[in-house]
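Let's take a friendly walk through the side-chain contacts of this model. Have the sequence and the 3D view ready, and follow along pair by pair.

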Amino acid sequence: MGHIHKRTQAGTIRWRARYQAPDGTERSRSFVRKVDAERFLAEVETDKARGTWTDPALAQIAFADWSDQWLRTTTHLKPKTRAGYESTLRTHLLPAFGPLPIGKIRGSHVREVLAGMQAQGLSASACRQVYYLLSSILRAAIDDGRIRTSPCTGIKLPRLPNVEMQFLDPSQLRDVLQAIDARYRLFVELLAISGLRFGEGAALRRCRCDLERSRITVAENAVDVRGKLVFGSPKTHQVRTVVLPSFLSDHLEEHLTSAGAPDSFVFTSPRGGPVRYGNFLRRVWKPTLKEVGIPEMGVHALRHTCAALLISQGAHPKAIQRHLGHRSITTTLDRYGHLFEDEHDRLADRIDDAYRSFAAPQDSAGASGRPTPGAQ
């Protein structure tokens with residue numbers, strides 16, 4: 001058990017709470033009021049009994065130092081994700097919390113930062129990204145025994161607006177394919193039909209095209225990080241096989257008739273290097289949409305186009321998940337669930353047909369067995 005001692009220094013009374021930490025070392029803390037010292041000791045003993053006691057000294061590390069240590073030891077991040085975290089820290093979190101000890105960050109501080117971001121006009125999505133990064137950093141501090149609870153707990157986040165998914169309908173896709181630069185026609189067709197992410201299509205190599213079986217293997221992704229093209233595994237870190245319809249397989253086979261090394265890219269820029277998102281968006285995609293009179297949308301709309309086509313053809317959500325390479329079916333349903341609305345009508349029609357096939361025809365007595373009016 002701890003002890004409380006009264007001390008007088010320069011005419012000022014202080015109460016020092018002494019206690020023994022779980023590791024056997026003697027600790028102490030001073031208070032102006034005796035009641036505060038008693039409350040502190042009671043909390044210490046309770047935490048020790050529950051196994052939740054944390055060393056106050058460990059919580060004195062500045063947020064800037066702890067976030068730097070966390071980022072250096074978080075080795076599973078993809079390059080683009082790491083660059084995004086570094087930008088978020090530099091722009092939002094370090095200015096707000098940098099020199100502050102992590103043990104002194106309160107929920108009120110977090111709410112204040114989020115409110116300030118919203119006041120500056122940042123989107124709900126951007127605010128949430130800042131919050132999630134801060135929460136991850138402080139959760140690691142809990143795991144490390146530096147703090148007991150996270151100040152991010154219980155924070156209400158701004159609601160995300162309902163953004164309608166943009167995609168091309170079949171006639172729009174046809175118009176785009178007819179108008180786009182011939183060099184990129186097959187590339188766009190592949191993204192729209194196979195559902196590959198832009199970086200997956202840009203990183204596709206000849207050796208991963210098994211056109212005899214109408215299949216391609218998605219094993220690599222290319223992303224632009226600070227002006228440098230970085231190659232790595234797909235977004236979900238999972239290699240997947242995509243089955244191609246015969247017409248698309250034929251188009252790819254014709255495209256690959258020219259000689260090329262097995263590890264060379266299927267699609268290249270005019271200078272021979274891999275297709276880069278920024279250049280393609282600015283020089284090819286946007287001008288084509290403008291030419292055919294389609295409202296501006298990102299290249300990722302081609303992936304949504306694939307999902308819409310699959311849903312319109314009655315594909316099962318699980319098959320769509322595998323085709324698109326989503327980590328779980330929840331992701332698929334969250335993003336494209338609204339496109340399944342027609343399924344409710346089709347389901348009702350099927351139930352109606354099934355009922356009519358097994359329901360016995362009603363006789364003149366009616367369904368209740370009672371004589372109909374006028375019947376003798």
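A residue is called buried under 20% relative accessible area, exposed over 50%, and partly exposed in between. By that scale Asp224, with 33%, is partly exposed, and so is Arg276, at 27%. Keep in mind that this is a predicted model.

The side chains of Arg276 and Asp224 meet in a salt bridge, 3.1 Å from N to O. Arg276 lies in the loop between α9 (246–255) and α10 (277–292), while Asp224 belongs to strand β6, so the pair ties together parts that are 52 residues apart in sequence. Elsewhere, salt bridges with shared partners join Arg33, Asp36 and Arg39 into one network. The search of the whole structure finds 13 salt bridges.

Turn next to Arg205, which forms a salt bridge with Glu220, the closest N and O atoms being 2.8 Å apart. Here both partners are buried: Glu220 has a relative accessible area of 14% and Arg205 one of 16%. The charged end of Arg205 also sits over the ring of Phe231, 5.7 Å from its centre.

That ring brings us to the aromatic residues. The structure holds 12 aromatic pairs. One of them joins Tyr19 and Phe40 edge-to-face, with 5.7 Å centre to centre and 70 degrees between the planes. Tyr19 lies in strand β2 (residues 12–20) and Phe40 in helix α1 (residues 34–50), so this pair ties together parts that are 21 residues apart in sequence. Both Tyr19 and Phe40 are buried. Finally, look for the cluster in which ring pairs link Tyr184, Phe187, Phe198, Phe267, Tyr277 and Phe280.

Key: Residues are numbered from 1 along each chain as its sequence is written. This is a predicted model: local features need pLDDT of at least 70, side-chain atom pairs count only at pLDDT 80 or more; totals for chains, interfaces and linings use all residues. Side-chain values use heavy atoms; hydrogens and water are left out. Rings of Phe, Tyr and Trp (its six-membered ring) pair if their centres lie within 6.5 Å; planes under 30 degrees apart count as stacked, over 60 as edge-to-face and the rest as tilted. Helices (H or I, at least four residues) and strands (E, at least two) are DSSP runs, numbered from the N terminus. Buried means under 20% relative accessible area, exposed over 50%, partly exposed in between (1.4 Å probe, protein chains only). A charge sits over a ring if NZ of Lys or CZ of Arg is within 6 Å of the ring centre and within 35 degrees of the ring normal. A salt bridge is a side-chain nitrogen of Lys or Arg within 4 Å of a carboxyl oxygen of Asp or Glu.
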